[in-house]
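Subject: Structure handover

Hello,

Here is the structure I promised to pass on. Please open it first, then read my notes below.

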Amino acid sequence: PRLPGGRVGALAASAGAGDLCPRTADRSAWCPSTAFVQAGAGEHVAAVVAGATWAWVWARTFSVGEATGHWEASFGRWEGLGANGGSAWVTQLGVTPVLRLYPKAPGRGLFAEIGIGVNLLAPVYRREDKQFSTVFNFGDHLAVGKRFAGGSELSLPLQHFSNAGVPHPD
């Protein structure tokens, strides 16, 4: 994850949730398409995030490739440098709509994606030189990745979290 003023470094891996939730005609809408685990580090922070995705019944073909989408729900724990110089833990809970493009190119299975969603980061994120004003934040990401035979994926996301300048609540 990337926190304000931080460098980005993350790696995400996901796998088809077929073993946990078989795709049948009576499959529940609550049953995810995939599950994922992500680990990352940035300046003043390290994080581990787990989550699930729900594929949209939507796809569009363009001259450059096929676009699809999914909802992503995530839960994570960050360890960062606290305001007093000690270690501080922040819990992340997020929901993000994601658009993905599979380009028409050799090396099938490659993809790029973008997502912008909402996140609760509790307690309010603080460090020596920066703090968010609320637990409500926006999270965005850009990623490139590869889908392998069998449905597993590996991606490299660049992430950013921001409170979008929301002032302290009254």
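One definition first: a residue is buried under 20% relative accessible area, exposed over 50%, and partly exposed in between. Arg147 has 34% relative accessibility, so Arg147 counts as partly exposed. Glu153 comes to 10%, so Glu153 counts as buried.

Now the overall picture. This is a predicted model. The chain has zero helices and 10 strands. Of its 170 residues, 38% are buried. The accessible surface is about 9,600 Å², and 65% of that belongs to carbon and sulfur atoms.

The chain averages a pLDDT of 79, and 74% of the residues score at least 70. Strand E6 (residues 110–122) has the highest mean of the elements, 94, while strand E1 (residues 10–16) has the lowest, 52. Please treat residues 1–9 separately: pLDDT stays under 50 there.

Then the charged pairs. How many salt bridges are there? The count is three.

- Arg100 pairs with Glu113, with the closest N and O atoms 2.9 Å apart. Arg100 sits in strand E5 (residues 87–103) and Glu113 in strand E6, 13 residues apart. Both are buried.
- Glu153 meets Arg100 at 2.7 Å, N to O. Glu153 lies in strand E10 (residues 153–162) and Arg100 in strand E5, so this pair ties together parts 53 residues apart in sequence.
- Arg147 pairs with Glu153, with the closest N and O atoms 2.6 Å apart.

Together, Arg100, Glu113, Arg147 and Glu153 are linked in a network of salt bridges.

Best wishes

How values were computed. Residues are numbered from 1 along each chain as its sequence is written. This is a predicted model: local features need pLDDT of at least 70, side-chain atom pairs count only at pLDDT 80 or more; totals for chains, interfaces and linings use all residues. Side-chain values use heavy atoms; hydrogens and water are left out. Helices (H or I, at least four residues) and strands (E, at least two) are DSSP runs, numbered from the N terminus. Buried means under 20% relative accessible area, exposed over 50%, partly exposed in between (1.4 Å probe, protein chains only). Accessible areas come from the Shrake-Rupley method with a 1.4 Å probe; for residues, only the protein chains shown count as cover. pLDDT is the predictor's confidence in each residue, from 0 to 100. Contact means heavy atoms within 4.5 Å. A salt bridge is a side-chain nitrogen of Lys or Arg within 4 Å of a carboxyl oxygen of Asp or Glu.
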